Amino acid sequence: MGRLKRATVLSNVTLCRYLLLFFKKLLNFVTMRRLLTRVINRVLLSELFTPAMGIEAEIHTQGRRKLVVGLGNPGMESTRHSVGMAVLGALASRLGADDRWRSDKHVSGEVIVSEVQHTHVVLLRPRLLMNVNGVSVAKAAGKYGIKPEDILLVHDELDKPLGKIAIKHGGSARGHNGVRSCVDCLQTDVMPRLRVGIGRPTGKASVERHVLGRFSSEEQKVLDSVLVQSVDLLLSELSQQDSQSPSSPAGGRPAAQKERRRSASPAEDSAAAQS
């Protein structure tokens, strides 16, 4: 019995060592990937655009201005991970500007310059991969002279079911690589965000396969309502007279603020209001 007990103890110790080694390697991999992404961000941001003429110069001198960004992967606009781009497309359509998208190499993206309630609004669809979307956002902010607190990011949210949306004013990226890139490139986390729920995968499906997959026909019916609700909420945010996020110096971290949540279902909204 003594030998068996010693053997069991040794086996457990060996297992713990292997587990520690595994998690150490995993941590190193994640750390190296984030470091590599940060380096790529810095390289791509080495030449920021300085506005000189035309509408870019005009928007610098006239009134309030805001930037709305649909985070996602170019060429994969119909996937769950790029739902931010779908929302931005719906916003452009509501503004009657969906035929005015133009490619802008200076910001590595596609833009529309419009107006909402006397506010100049720049819509941006980055043409870079999600993990470096922040490069496009920082370039557009520099080109149009827009402060981080006036940049509204629209992105997918795993921790909310499809049909739920919420405004979050600043704070951490909470694991979203596109938001993390924006925080890194702008050197602050004050940007408000519209978080559009896509839900977590069910069964044995991986998170990566889930977010890069397309919405099912049943999900598309819910998504149609989500797009309408999202545009309503964006227009409400853009119409407000003052910025809702506290300004902060580069690298600043504002205090966490309560989210404004909405559902694509009016019945669910009523239930949430009563809870």
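Helix α5, which spans residues 177-186, is mostly covered, since eight of its 10 residues are buried (under 20% relative accessible area, with exposed meaning over 50% and partly exposed in between, for a 1.4 Å probe and protein chains only). Those buried residues are Gly-178, Val-179, Ser-181, Cys-182, Val-183, Asp-184, Cys-185 and Leu-186, and the helix is followed by Gln-187, whose phi is positive, near 60 degrees. Helices here are DSSP runs of H or I with at least four residues, and strands are runs of E with at least two, numbered from the N terminus. The model is a predicted one, in which local features need pLDDT of at least 70 and side-chain atom pairs count only at pLDDT 80 or more, while totals for chains, interfaces and linings use all residues. Residues are numbered from 1 along each chain as its sequence is written, and side-chain values use heavy atoms, with hydrogens and water left out.

The lining of the largest pocket draws on β5 (151-157) and α6 (207-211), each of which supplies at least two residues, and α6 gives the most, with three. Among the lining residues, His-81, Gly-175, Asn-177, Val-207 and Val-211 lie nearest the centre of the pocket.

Arg-125 lies over the face of Trp-101, at 3.8 Å from the ring centre, and the charged end of Arg-80 is placed over the ring of Phe-215, 5.7 Å from its centre.

Definitions and conventions. Lys NZ or Arg CZ within 6 Å of the ring centre and 35° of its normal. 1 Å grid on protein atoms, 1.4 Å probe; cavity = no way out; pocket = protein on both sides within 12 Å on 5 of 7 lines; lining within 4 Å.
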